Amino acid sequence: MSERRFNPRMLTLRREALGMTQTELAERWGVTQAFVSRVEADLLALPADKLDPLAEQLGVPAAFFLETAEIHGYGSPCFYHRKRKSIPVPKLRSIQARVNILRIQTAKLLAGIEIGSPQRFAPMDIEEHGSPEKVARLVRASWGLPMGPVQNLVGAIESNGGIVVMTDFGTTQLDAVSQWTAGLPPLLFANSTQPGDRLRWTLAHELGHLFMHAVPSGNQETEADQFASEFLMPAREIALELDPVTLPRLVELKARWRVSMAALIVRARDLKVITPTKCTSWFKRISQLGYRRIEPHRIAPEAPTVLRDVLNIHQTEHGYTTEELARLTLTLEPEFVEQFLPEARGGLRVVRPS
Amino acid sequence: MKHLTTKSEAEGLLLPHVETVQRCLREGWEEWLRLRDRELERGNMYSPRARANIVYDLVAERARAAFDGVEGVAVLRKHGFLVLLFGGRIAMRFKKLRPDLKSTGIRTNQQRLFAEQEEMPGIPATATFLIAGYVLDPTQAQIDRLVVTCSDGLGICWVLDLDFARGRREVVSIGSAIEAPAPPEVRSARKKARAQKEGR
């Protein structure tokens, strides 16, 4: 393996994905922190004998560090995320690195695959169309969604050219990251630990970014929320159903529109079905009942199908073994199974004689 | 006034049948949830009163089938509702109850007679009237308690908890998991290229 081809950015990416500092890596690797720093900064060529120990410490095949794909960060026009305010920066950086790796892996899996869905993602200018709500209505129309609730949002995204990748971010503080880079379909990486109603809102929010924010703007999070609200709960259709707001009605509307009770209350306020004061008292009430932390009456999460079908083709038609697929995606088999074949994970059990 | 069956007497009489009573209530409610989900998908929502009537019919039908031919239990349809007669000493009907365990809805004369343990034609005069009831949680979408209550003209005399639900409440799913209408077709590009190369 040539030293010239070692990509120091992949080292940084993997280290950050694992949430490891340079000092921690240096200790494990048996080098100094200064050495790690210089290798990452591309000031020092990696000696050939250091590559395999590095790969071993970071739990990837050595080929991982030869990858030359682009790496994108928050704030770049092709990288958006939906997070809560309190998430620490190191965690955010770790997730950013993991998502970049997932994107690289997804791209490798998509090679040699054709997806039959038409590409109906196209950037739309808010100023040209008037408001995020109008963009949402246009997207619904261009996707041919019927009136009423979006029955299966994940299915709608994948039927119109996007791909949803479920992954455990290891925190509940970040819900999703979306990326739309050259040569790949729009990718929406969603935290697999969130409930079904939150997942739908998160994905609709990310859709808003993908359609409206080809160039990042200061107001983009609010705009993405406005898009999500209209996309999942069109004003003309839901306003009448929201009146009057009662607890049993919120539950029924949650089941029908597949959004959280909290989202319905906010929607009722925004559509002036209830006053802002009433909205506040509703939030106090559901908080007292413990519903702010865990809402009752879970919505079943929707499952993406594209990546599952891609893997199925690689296994059945292309004849790949799990180990080969792991190698293809620059990872080791257990990590590959954990991310891409979680249902296979349960099949491996140690059977002890009784 | 007739002698009312005590709580411990009722426990003894009902012991062989408690699970069946619970099952009828639970299954009736679950059937309602399935019906509600189907109707919600069509945009139809029912009033609390309509829901209570439907749940009652679903529970009563299950009780009629479950207790038909059971020794020591008679299934009667009297005064517009189903009555289960246990050993001639307990006459039980099904009702939705409020969190304070009182009946909901408009109080009819039949309900008043039942609640006040007054004589009702067709039901043995010595039988104590009990209500097997379900109490919903604040969202009205989940059963919070299943109880048997005994009341007289002054109020509730005793309550027997049929408590399979309480204490192990969980977040239940609502709405059926909806499949994507037509998932995109995913195919091998290599296979296609190979076929083209081979002139197929």
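Reader: How many residues lie between E4(B) and E5(B) in their hairpin?
Author: There are 6 residues between the two strands, and B:Gln140 in the turn has a positive phi of about 60 degrees. Strands here are DSSP runs of E with at least two residues, helices are runs of H or I with at least four, and both are numbered from the N terminus. This is a predicted model, in which local features need pLDDT of at least 70 and side-chain atom pairs count only at pLDDT 80 or more, while totals for chains, interfaces and linings use all residues. Residues are numbered from 1 along each chain as its sequence is written, chains are lettered from A and ligands numbered from 1 in the order in which they are written, and side-chain values use heavy atoms, with hydrogens and water left out.

Reader: In which sense do E4(B) and E5(B) pair?
Author: E4(B) pairs with E5(B), residues 143-152, in the antiparallel sense over 7 bridges; two strands pair if DSSP finds at least two bridges between them. Within this pairing, B:Leu130 has B:Cys150 as its bridge partner.

Reader: And E3(B) with E4(B), parallel or antiparallel?
Author: E3(B), residues 90-97, and E4(B) are parallel, with 8 bridges. B:Leu97 stands opposite B:Val135 of E4(B).

Reader: Changing topic: how many residues of chain A are in contact with chain B?
Author: The count is 42 residues of chain A against 34 of chain B, where contact means heavy atoms within 4.5 Å. The two chains bury about 3,200 Å² between them, 58% of it on carbon and sulfur atoms; buried area is the accessible area (1.4 Å probe) that two parts lose on being put together, summed over both.

Reader: Which salt bridge does A:Glu114 form?
Author: A:Glu114 forms one with B:Arg187, the closest N and O atoms being 3.1 Å apart. The rule asks for a side-chain nitrogen of Lys or Arg within 4 Å of a carboxyl oxygen of Asp or Glu, and it finds 1 salt bridge across this interface. There are also 7 residue pairs in polar contact between the chains, both residues at pLDDT 80 or more. A polar contact is a pair of N or O atoms within 3.5 Å; within protein, one must be able to donate a hydrogen and the other to accept it, and residues adjacent in sequence count only if both atoms are side-chain atoms.

Reader: How is E2(A) joined to E8(B)?
Author: E2(A) and E8(B), residues 186-188, run antiparallel and are joined by 3 bridges. A:Ile113 is opposite B:Ser188.

Reader: Which salt bridge does A:Glu335 make within its chain?
Author: A:Glu335 meets A:Arg14, at 2.9 Å from N to O. The two are 321 residues apart, with A:Glu335 in helix H17 (residues 333-340) and A:Arg14 in helix H1 of chain A. A:Glu335 is partly exposed at 34% relative accessibility, whereas A:Arg14 is buried at 5%.

Reader: What about B:Arg42, buried or exposed?
Author: B:Arg42 is exposed, because its relative accessibility is 59%. B:Arg42 forms a salt bridge with B:Glu39, with the closest N and O atoms 2.7 Å apart, and B:Glu39 is buried at 11%.

Reader: Where is A:Arg267 found?
Author: A:Arg267 is in helix H13 of chain A, residues 261-270. With 5% relative accessibility, A:Arg267 counts as buried. A polar atom of the A:Arg267 side chain lies 2.9 Å from the backbone oxygen of A:Met233. Leaving aside neighbours within four places in sequence, the contacts of A:Arg267 include A:Ser229, A:Glu230 and A:Leu242.

Reader: And where is the place of A:Val150?
Author: A:Val150 is in the loop between helix H7 (132-142) and H8 of chain A, and is buried at 3% relative accessible area. The C-alpha atoms of A:Val150 and A:Arg256 are separated by 9.6 Å, although the two residues are 106 apart along the chain.

Note on methods:
Buried < 20%, exposed > 50% of the residue type's maximum accessible area, 1.4 Å probe, protein only.
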